[in-house]
Amino acid sequence: MAMDQDPFNKSTRIINEDGGAVEIQTTAPKGQTQQVAIPTEVGVLPVRNIVIYPGMVIPLGVGRAKSRRLLEATLPENKVIVTICQRKFETEDPRPEDLYEIGTAAMVLKLLRMDESNQSVIVHGLVRVQIEEWLGLEPYLRARVRVLQEDMPQGTETDALVMNVRSLASRVIQMIPNIPEEAAVVLDSIDQGSALSDFLASNLLQAEVPVKQNLLEELNVNQRLRMIGVELQKQLEVTELSQKIQNQVKSSIDKTQREYFLQEQLKAIQKELGQVDEKAQEVEELREKIEAAKMPEVVKTEAMRELGRLEKIPSASPEYQVVRTYLDVMIELPWSIQTKDKLDVNVAQKVLDEDHYDLEKVKRRILEYLAVRKLAPESRGPILCFVGPPGVGKTSLGQSIARALGRKFIRMSLGGMRDEAELRGHRRTYIGAMPGRVVQEIRKAGTKNPVFMLDELDKVGADFRGDPTSALLEILDPAQNNTFQDHYLNVPFDLSTVLFIGTANYMAPVPAPLRDRMEVIELPGYTNHEKLHIATRYLVPRQQKENGLKPSQIRFSEAALNEIIDGYTREAGVRDLERQIGTISRGVAALVAGGKATSRKVDHKLIVEMLGPRRFESEVAMRTSIPGVATGLAYTPSGGEIIFVECTSYPGKGNLTLTGQIGDVMKESALAALSLVKSHARDLMSNPEQLAGMDIHVHVPAGAVPKDGPSAGLAMVMALTSLVTGRSVRSDVAMTGEVTLRGLVLPIGGVKEKVLAAQRAGIKTVLLPEGNRKDIPDVPQEVRESLEFIFVKTVEKAVEAAIGPRKARKRASLNRGGQRNPQSQAAKGKS
């Protein structure tokens with residue numbers, strides 16, 4: 001078979017083929033004719049991201065160890081190797097399955113040694129070959145190959161295909177500027193279809209490796225020319241479209257430059273005629289407003305720079321409106337405007353007393369701030385955080401502070417906020433960018449020193465858009481917020497004169513660095529006596545006014561208000577109480593408006609008629625009347641709560657079951673309580689071995705409410721002790737405290753809220769850890785007087801206080817379900 005190629009005025013022809021090797025005659029790049037033997041067993045050089053065709057001369061970088069060993073073994077005796085493209089570029093040590101089956105036999109023309117690990121080799125593609133068998137993988141790839149003969153039909157179809165491909169290639173060469181002019185000359189000198197297809201595939205075709213490999217593997221020259229034609233046509237269409245887009249962009253730019261030039265000419269003509277340019281007048285007005293805003297020097301420089309940009313931008317450009325909006329925001333911000341503080345401590349005391357009952361600790365802290373501001377006007381303001389259950393007046397207290405100081409009041413809810421950009425703003429590179437809410441609210445207030453309330457700090461979220469609490473770290477730090485930088489403004493804004501007040505129901509979700517920047521002031525729940533005063537002084541008059549009633553038309557007695565507080569509300573604040581008062585007020589308003597009554601006194605009958613039957617009854621005595629039940633105290637975001645720990649037993653293997661949706665810490669408290677009770681079983685039971693044959697179930701209602709924390713440990717010990725002794729815990733006793741395996745009772749938090757919850761539930765005696773004795777002064781005096789506090793250091797003392805002294809307690813054994821046996825019943829009769 002004869003194979004003639006002439007892509008660079010060279011030719012290759014098979015002249016002999018036998019079982020050992022194939023001899024070909026080729027023209028080297030320098031022009032001399034030589035015979036080259038293609039051995040059947042030859043080394044294989046894997047190449048990445050390139051397909052080498054016959055007639056192609058190309059330099060290759062050689063860095064892999066196997067490839068370097070191949071060149072060392074091949075040169076200088078035998079200069080023929082086989083180059084095959086690997087399927088995946090990232091494969092570092094390709095194996096036979098990582099390589100294509102068809103490659104190109106190539107002659108090594110020159111080897112250049114760069115350093116020990118990198119070499120460069122120039123190869124000349126000779127003929128197509130196919131791998132028949134892999135002979136070895138080490139020290140380099142070796143294989144048995146077979147030279148592939150091409151199918152080169154002659155005739156009119158072949159001539160037409162050659163003409164079509166040459167025409168397409170000429171158009172591509174004309175449209176791509178970085179192709180040398182010599183390529184067109186070489187293209188015209190190639191007559192054979194095989195040589196033409198290989199030349200175009202290797203030098204002109206811009207295609208992926210799989211496409212080029214398909215061209216190498218195609219042995220029918222006519223089919224290969226068709227494939228080349230299709231790829232060149234695609235390439236030509238993409239190139240023409242790219243040039244069309246470039247021409248459109250250039251035309252648009254030329255049009256913009258022409259409009260700008262004409263605008264400048266128009267300005268000059270209007271100036272000569274004395275006519276007013278609206279844009280110039282607008283720019284001048286903005287310049288005057290910037291001067292009047294009394295911005296800091298850095299901010300003014302940036303505003304003037306943007307104003308200069310605005311002058312050069314055509315009014316019809318979208319960028320013009322973006323810059324104009326930015327300048328409007330900068331001008332409207334109160335850079336130097338602030339309200340004058342009212343520093344009269346007596347007036348502030350009066351305002352706070354008018355708006356809120358009690359809260360002496362909070363009021364005292366506000367008056368201290370006013371006193372410091374009066375004596376040291378340049379001092380940095382505090383960052384306060386009010387923490388307490390819903391409905392205790394956190395938000396309204398912020399409004400009272402603003403009224404007492406004579407400042408504007410801003411409230412921003414952070415509940416559900418997940419995007420940091422809501423606080424810091426969006427950069428102006430985004431479409432529709434705007435400042436953050438902090439800057440927007442200060443802009444609306446029109447003063448740089450408002451009272452700024454950040455509501456619901458404990459409900460801030462975080463996701464892929466960022467963490468808003470990270471931005472709050474700078475906003476709420478008096479040492480940093482004087483240079484707060486909003487992303488939209490991109491200039492510092494001084495927040496140091498703003499009085500920030502945060503609110504939260506619970507501080508646990510607030511990150512520690514953020515808590516460290518704030519002075520936390522706790523607002524506990526109200527006692528029933530305090531609720532009565534608040535309802536009389538604030539809630540009833542407000543509901544009368546909102547429902548259009550005169551004081552003479554509806555009258556609430558103390559007895560009626562107490563009945564509503566005790567029987568229809570169970571909360572730490574007064575929000576639900578106001579709701580119930582509002583319901584009754586609306587009902588009376590309907591009677592008055594309908595002519596059925598001129599006035600009504602609120603009594604028990606009217607309360608039941610308007611609100612329905614009593615909603616809350618004391619269930620402490622009922623719940624603790626049987627052994628195995630103890631009353632505990634818990635602290636929740638809604639204030640203090642009482643909880644019941646219930647235990648029961650049944651025959652089993654000594655297993656413990658825990659229910660009531662309790663958390664990991666409370667589960668560990670239950671395990672510790674059970675271990676403690678088992679360790680003292682001989683003191684508690686006549687037959688301690690009986691515990692080993694009982695399964696114990698501990699349940700903490702309500703089951704739908706998650707619970708956690710260590711403070712229920714004492715109540716769990718008491719419930720288990722009551723279960724194994726068969727004696728009930730006193731129904732008027734509630735307890736809280738963390739318990740250790742040594743029987744010690746450790747201090748806990750939230751004492752005030754828990755004690756208030758006990759008082760609301762009708763508890764008479766509260767067991768507290770000895771370490772919490774110091775917290776009792778924070779409890780209102782009326783609550784302290786209505787409760788008995790027993791401080792315990794050990795579980796033994798707590799058991800004596802809640803169940804009875806050990807000497808009076810008889811040992812008892814348990815039947816199924818935790819019921820006392822007849823012996824324990826007799827013991828109860830003797831005690």
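The legends below accompany close-up views of a predicted model.

**Figure 1. The whole chain, shown for orientation.** In this predicted model, the chain contains 28 helices and 27 strands, and 48% of its 831 residues count as buried. Among the contacts in the chain with a separation of 6 or more, 71% are accounted for by residues 24 or more positions apart. The accessible surface of the chain comes to about 40800 Å², and 50% of that surface belongs to carbon and sulfur atoms.

**Figure 2. Strand β12 and the two directions of its side chains.** Strand β12 spans residues 451-455 and is mostly covered, with five of its five residues buried. In a regular strand, the side chains alternate between the two faces of the sheet. In β12, Val451, Met453 and Asp455 point one way, whereas Phe452 and Leu454 point the other way, and all of these residues are buried.

**Figure 3. The strands that pair with β12.** Strand β11, made of residues 409-413, pairs with β12 in the parallel sense over five bridges, and within this part of the model Arg411 has Met453 of β12 as its bridge partner. Strand β15, which covers residues 499-504, also pairs with β12 in the parallel sense, here over four bridges, and Gly502 in β15 stands opposite Leu454.

**Figure 4. A nonpolar patch on the surface.** Leu241, Ile245 and Val249 form this patch, and together they have about 270 Å² of accessible area. One of these residues, Leu241, lies in helix α6, which runs over residues 221-273.

Key
Residues numbered from 1 in each chain as written. Predicted model: local features only at pLDDT ≥ 70, side-chain atom pairs only at ≥ 80, totals over all residues. Heavy atoms only, no water. Buried < 20%, exposed > 50% of the residue type's maximum accessible area, 1.4 Å probe, protein only. Pairing = 2+ DSSP bridges. Patch = residues over 30% accessible without salt bridge, like charges linked within 9 Å, V, L, I, M, F, W, Y side chains within 5 Å. Areas by Shrake-Rupley, 256 points an atom, 1.4 Å probe, with all protein chains shown as cover. Salt bridge = Lys/Arg side-chain N within 4 Å of Asp/Glu carboxyl O. Contact = heavy atoms within 4.5 Å.
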